[in-house]
Amino acid sequence: MASRGTVKASGNFNASADAEVLHKAMKGLGTDEDTILQLLTARSNAQRQQIKATYKTLFGKDLVSDLKGELGGKFETLIVALMTPPITYDVTSLRNAIKGAGTDEKVLVEILASRTPQQVKDIIAAYRQGNTHTHHKHVAVYFAVLVQLFIISNYIENDAQALFKAGEHKFGTDEQSFVTILGNRSAEHLRKVFDAYMKLSGYEMEESIQRETSGSLRDLLLAVVKCARSVPGYFAETLYYSMKGAGTDDNTLIRVMASRSEVDMLDIRAEFRKKFACSLYSMIKGDTGGDFRKTLLLLCGGDDA
């Protein structure tokens, strides 16, 4: 399948030359941020990992540590995100979301609902590896829902019937049925279930979830449904609401732009333009500034005005 990303591997790639350029950009007084951001957004994540390895060989230093030492603020966070391998980035984002007093449910929902079943498997394996002694109940709940994504069933009518029974048909909701069916199926299968459910109950799946569940379970189930319908559509909304109104949710903006730039940014842009009165490019441009804005716009890859 052709990538729908805006960031592609560079054709005439030379890791040593790139490492030299980056080293020079950080040497001496002042840092050449422009060179750094132009170069890194024009390389794939796999190529950035090669540059990092070559940099270590040539200069005996860690490229990411050097970048952190030279850059600052949101721009630094974004560049570090681009330098991190995808699975590692997801695991780090989950860890940070769970660290400290409160849990940032939004991050758990976004990552676990939008990644492919194989990616969720890899994320869980990597997460468990580093977390042998800590069992956070939040993650346990989310993983319980999502580990089940791997069993794909063919009983579409049965699923719709079961969801109908779980939700509309009786008082009190059998949450476990919602969780099992939504967490157990492929996106294509789920879309058929939603259609069958609509015929059966007269309600859209989203309406039933809104009415029948609450709290973080509701958020997760709604995200699973949105992603089953369209992952790019889900991310277009996520980006829009990260920038809408007063203040910007920079962490969400960074996470989505960094993690989707090689995957489906072209489709996210198209969905964004369809859903909202402006392009993703123009919204980023109006909402951010400096090198942070320059980097985000390069990841966005173009305007759909």
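Me: In this predicted model, is Arg 260 buried or exposed, and how should I read its relative accessible area?

Reply: The general idea is that a residue counts as buried when its relative accessible area is under 20%. In this structure Arg 260 has a relative accessible area of 6%, so Arg 260 is buried.

Me: Which residue meets the side chain of Arg 260 in a salt bridge?

Reply: A salt bridge is read from the distance between a side-chain nitrogen of Lys or Arg and a carboxyl oxygen of Asp or Glu, which has to be within 4 Å. Here the side chains of Arg 260 and Asp 264 meet at 2.9 Å, N to O, and Asp 264, at 6% relative accessibility, counts as buried as well. Elsewhere, salt bridges that share partners join Asp 34, Asp 291 and Lys 294 into one network.

Me: How many salt bridges does the count come to, and which parts of the chain does the pair of Arg 115 and Asp 90 link?

Reply: The count comes to 17 salt bridges. In the one between Arg 115 and Asp 90, the closest N and O atoms are 2.8 Å apart. This pair links distant parts of the chain, since Arg 115 belongs to the loop between helix 7 (105–114) and helix 8 (117–130), while Asp 90 belongs to helix 6 (residues 86–98), 25 residues apart. Arg 115 is buried, with a relative accessible area of 6%, and Asp 90 is buried, also with a value of 6%.

Me: Turning to the aromatic rings, how is a pair of them described?

Reply: A pair of aromatic rings is described by the distance of the centres and the angle of the planes. The structure holds seven aromatic pairs, and one of them, formed by Tyr 240 and Tyr 241, is edge-to-face, at 5.1 Å centre to centre with 85° between the planes. Tyr 240 counts as buried at 17% relative accessibility, whereas Tyr 241 is exposed, with a relative accessible area of 53%.

Me: Why is the pair of Tyr 240 and Phe 276 stacked?

Reply: Planes under 30 degrees apart count as stacked; the rings of Tyr 240 and Phe 276 have their planes at 5° and their centres 3.7 Å apart, so this pair is stacked. Tyr 240 sits in helix 15 (residues 231–243) and Phe 276 in the loop between helix 17 (265–275) and helix 18 (280–287), 36 residues apart, so that distant parts of the chain are linked. Both Tyr 240 and Phe 276 are buried, and together with Tyr 241 and Phe 272 they form one aromatic cluster.

Me: Where does the charged end of Arg 95 sit?

Reply: The charged end of Arg 95 sits over the ring of Tyr 127, 5.2 Å from its centre. Arg 211 lies over the face of Tyr 203, at 4.3 Å from the ring centre.

Me: What does the secondary structure of the chain come to?

Reply: The secondary structure comes to 19 helices and zero strands, and buried residues make up 46% of the 305 residues in the chain.

Note on methods
Residues numbered from 1 in each chain as written. Predicted model: local features only at pLDDT ≥ 70, side-chain atom pairs only at ≥ 80, totals over all residues. Heavy atoms only, no water. Helix = DSSP H or I, 4+ residues; strand = E, 2+ residues; numbered from the N terminus. Buried < 20%, exposed > 50% of the residue type's maximum accessible area, 1.4 Å probe, protein only. Phe/Tyr/Trp six-rings, centres within 6.5 Å; stacked < 30°, edge-to-face > 60°. Lys NZ or Arg CZ within 6 Å of the ring centre and 35° of its normal.
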